[in-house]
Amino acid sequence: MTSFKTIEQHLIELSSQYPQIPGNITNILYNISLASKMIRKEIIVAGLQSQHESGTTNVHGEHVKTLDLTANKCLIDILSAHGQFSYIGSEEEDEIVTIESETKEPYVIFFDPLDGSSNIDVNVSVGTIFSVYKTPEKWKTNDLHPGSEQLLAGYVIYGSSVMLVYTTGNGVFGFTYDPSIGEFLLSHENITIPDTPKYYSINESLYPSLSAHEQQTLDSFKTSEQGPLSSRYVGSLVADFHRNLLKGGVFAYPSTAKSTEGKLRLMYEANPLAFICEQAGGSASNGSQNILEIQPQSIHAKTPLFIGNSSLVNAFNKTTKTSK
Ligand code: FDP
């Protein structure tokens, strides 16, 4: 399945095949691949370092790991050094960071530098998730747009191998990192979510605080009505999403009594994965609205998330159906 096409070669072809994609977008993607190689270098030796907690908490009140900060700095340093970004929004930054840039085509990137970081201590897959929009030259940083306006979205999964998956709205492509040559090689061309789903992924301890409709939907996955499906939950969004994207399934993180807005972040978790999922033939919803149509209220806004095969996502929707 693996070709010997590097990410650079793929991006050159992409630019000639789709001239409407701004050249900067391919440069941005290349720089993210570079940052992810540096983040990987830190992750693979994380077990040798005794100090995992940074001693600080982020805007969500979560304990920040040392690696969260390393990954955040690495992305900010690389992306700002190359002058393609005027604005950066990160899970680890309270406010949008404005970068002095000469560019006439300003962009904003939102990212979760290290998703699932509570899994670092135990050597379980983590990820980087990113989402890019074009902005006006003098952008008011609270003028946020819905996910349907993303130009580029993707994630890197640091698992048994490292993979970068992205979309610019022309299909979904996956690259696997070959550390022996230091290159990302095209391994998954035009990813589509399988029609027959295999898995559902939810933190089952949330069951008592789900709505009756959500409980019934979940129950139906265990019987012949919608399944039976197998249960798989890593607790790293990127890892759970990636498995379901390749094998078919649904990931659910609903609102709960404790987190009435859900737990996951719209701008740098739900939106980018929703863009990828739609491009792969699936869909994503907050339970009543297509994720990509939600008007964001703030950069750190949270949302309930149901994402994967459309039939399973729609089964969670009480009233409105998502697309497809
Ligand atoms: P984490 O707390 O480790 O950062 O982004 C939040 C996230 O991980 C997701 O990656 C993951 O899907 C979810 O939280 C896990 O939450 P629960 O522990 O509540 O299941």
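Predicted model: local features only at pLDDT ≥ 70, side-chain atom pairs only at ≥ 80, totals over all residues.
Biologist: Okay, and where is the place of Asn123?

Modeller: Asn123 sits in the loop between β5, which covers 107–115, and β6.

Biologist: Moving on to Asn190, what is its phi like?

Modeller: Asn190, which is not a glycine either, has a positive phi of about 50°, and this residue lies in the loop that runs between β10 (183–188) and β11 (199–201).

Biologist: And why is Asn190 called partly exposed?

Modeller: Asn190 has a relative accessible area of 46%, and partly exposed covers what falls between the buried limit of under 20% and the exposed limit of over 50%.

Biologist: Switching to Thr141, where is that one found?

Modeller: Thr141 belongs to the loop between β6 (126–134) and β7 (152–158), and with a relative accessibility of 33% it counts as partly exposed.

Biologist: Which residues is Thr141 in contact with, leaving aside its neighbours within four places in sequence?

Modeller: With those neighbours left aside, Thr141 is in contact with Tyr87 and Ile96.

Biologist: What separates the C-alpha atoms of Thr141 and Ser298?

Modeller: Although Thr141 and Ser298 are 157 residues apart along the chain, their C-alpha atoms are separated by 9.5 Å.

Technical notes
Residues numbered from 1 in each chain as written. Heavy atoms only, no water. Helix = DSSP H or I, 4+ residues; strand = E, 2+ residues; numbered from the N terminus. Buried < 20%, exposed > 50% of the residue type's maximum accessible area, 1.4 Å probe, protein only. Contact = heavy atoms within 4.5 Å.
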